[in-house]
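Student: I'd like to learn how to read the features of a model like this one. Could you walk me through it?

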Amino acid sequence: LSQGLTVTSTQSNNNGAVAHNSTFTITYQVLVENVGSNVGLDEGIGTQTELTNSVTVTADLNNDGDITDPGEEITTTTTTTVVEPQLEVEKTITSETGELDAGDTVTYTLRIRHTGASTATAYEVIINDALPTELENYQLVSALIGGVDVSGELSFDAATGVLTTTGDIDLGLLEELVITLSGTVKHDTVVGTTIVNSATVL
């Protein structure tokens with residue numbers, strides 16, 4: 001068996017011979033690789049990848065020493081569709097956005113959820129967010145999925161304001177990840193400066 005392929009149950013008898021009207025079953029599972037060829041197109045445009053698996057069974061039905069007679073070789077095929085979730089990210093400022101002074105706190109809320117076209121759980125969500133350099137005293141205020149604290153799956157550098165994922169964050173279809181971050185405006189920020197921030201979710 002190739003790597004990653006595991007036989008979980010077998011039933012057989014007579015050293016490989018199967019009696020008339022008897023069956024034996026092999027059950028196995030495989031992991032879909034996270035590679036480009038297994039990824040559907042962005043935003044649900046086009047079709048998702050389909051993986052095809054075939055199995056061939058041969059048997060000496062008439063016990064004549066060969067497997068070349070009609071019906072002694074059977075091949076069957078099954079197809080599985082790789083379903084890719086579709087996520088959207090919304091970032092808002094939930095504190096005052098105008099007439100900020102040095103030392104004022106800016107609070108960001110990051111919301112990550114499925115789009116209406118998404119049909120599958122998102123596993124191992126990757127988040128990258130660097131807060132603006134015009135801020136300091138960075139804080140990761142909270143990270144919640146349905147009220148459950150998942151901040152332990154994140155890494156936040158309070159010195160640089162960089163947020164990344166370090167653990168496994170899985171997001172079910174009806175779930176939303178809400179992250180709240182904050183920082184204060186530096187005293188040397190030039191008057192009239194526009195502070196811009198963006199986040200990336202993979």
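Student: How many aromatic pairs does the structure hold?

Tutor: In general, a pair of aromatic rings is described by the distance of the centres and the angle of the planes. Rings of Phe, Tyr and Trp (its six-membered ring) pair if their centres lie within 6.5 Å; planes under 30 degrees apart are stacked, over 60 edge-to-face, and the rest tilted. Here the count is zero.
This is a predicted model, where local features need pLDDT of at least 70 and side-chain atom pairs count only at pLDDT 80 or more, while totals for chains, interfaces and linings use all residues. Residues are numbered from 1 along each chain as its sequence is written, and side-chain values use heavy atoms, with hydrogens and water left out.

Student: What sits over the ring of Tyr108?

Tutor: A charge counts as over a ring if NZ of Lys or CZ of Arg is within 6 Å of the ring centre and within 35 degrees of the ring normal. In this model the charged end of Lys91 does that for Tyr108, 5.0 Å from the ring centre.

Student: How confident is the predictor, as mean pLDDT of the chain?

Tutor: pLDDT is the predictor's confidence in each residue, from 0 to 100. The chain's mean is 83, and 86% of its residues reach 70 or more. Go carefully with residues 1–14, where pLDDT stays under 50.

Student: How many helices and strands are there?

Tutor: Both are DSSP runs numbered from the N terminus: helices are H or I with at least four residues, strands are E with at least two. This chain has zero helices and 13 strands.

Student: What is the strand order in the open sheet of five strands?

Tutor: Strands of a sheet pair through backbone hydrogen bonds, either parallel or antiparallel. Two strands count as paired if DSSP finds at least two bridges between them. The order is E5-E6-E12-E8-E9, with antiparallel pairing. At the edges are E5 (87–93) and E9 (148–149), each pairing on one side only.

Student: And which bridges can I trace in E8?

Tutor: Strand E8 (residues 135–145) pairs with E12 (residues 176–185) over eight bridges. In E12, Leu135 has Val185 as its bridge partner, and Ile145 has Leu177. Ile145 also has a bridge partner in E9, namely Val148. E8 and E9 form a hairpin with two residues between them, and Gly146 in the turn has a positive phi of about 55 degrees.

Student: Which residues of the largest nonpolar core touch the most other members?

Tutor: In soluble globular proteins, nonpolar side chains tend to be buried together. A core is a set of buried Ala, Val, Leu, Ile, Met, Phe, Trp, Tyr and Cys residues joined through side-chain atoms within 4.5 Å. Of the 22 residues here, those are Ile127, Leu154, Leu163, Leu171, Leu177 and Ile179. Strands E6 (105–114), E8, E10 (154–157) and E12 each supply at least two residues of the core.

Student: Is Thr180 buried or exposed?

Tutor: Buried means under 20% relative accessible area, exposed over 50%, and partly exposed in between (1.4 Å probe, protein chains only). Thr180 is buried, because its relative accessible area is 15%. Thr180 lies in E12. Contact means heavy atoms within 4.5 Å, and beyond four places in sequence Thr180 has contacts including Thr107, Tyr108 and Gln139.
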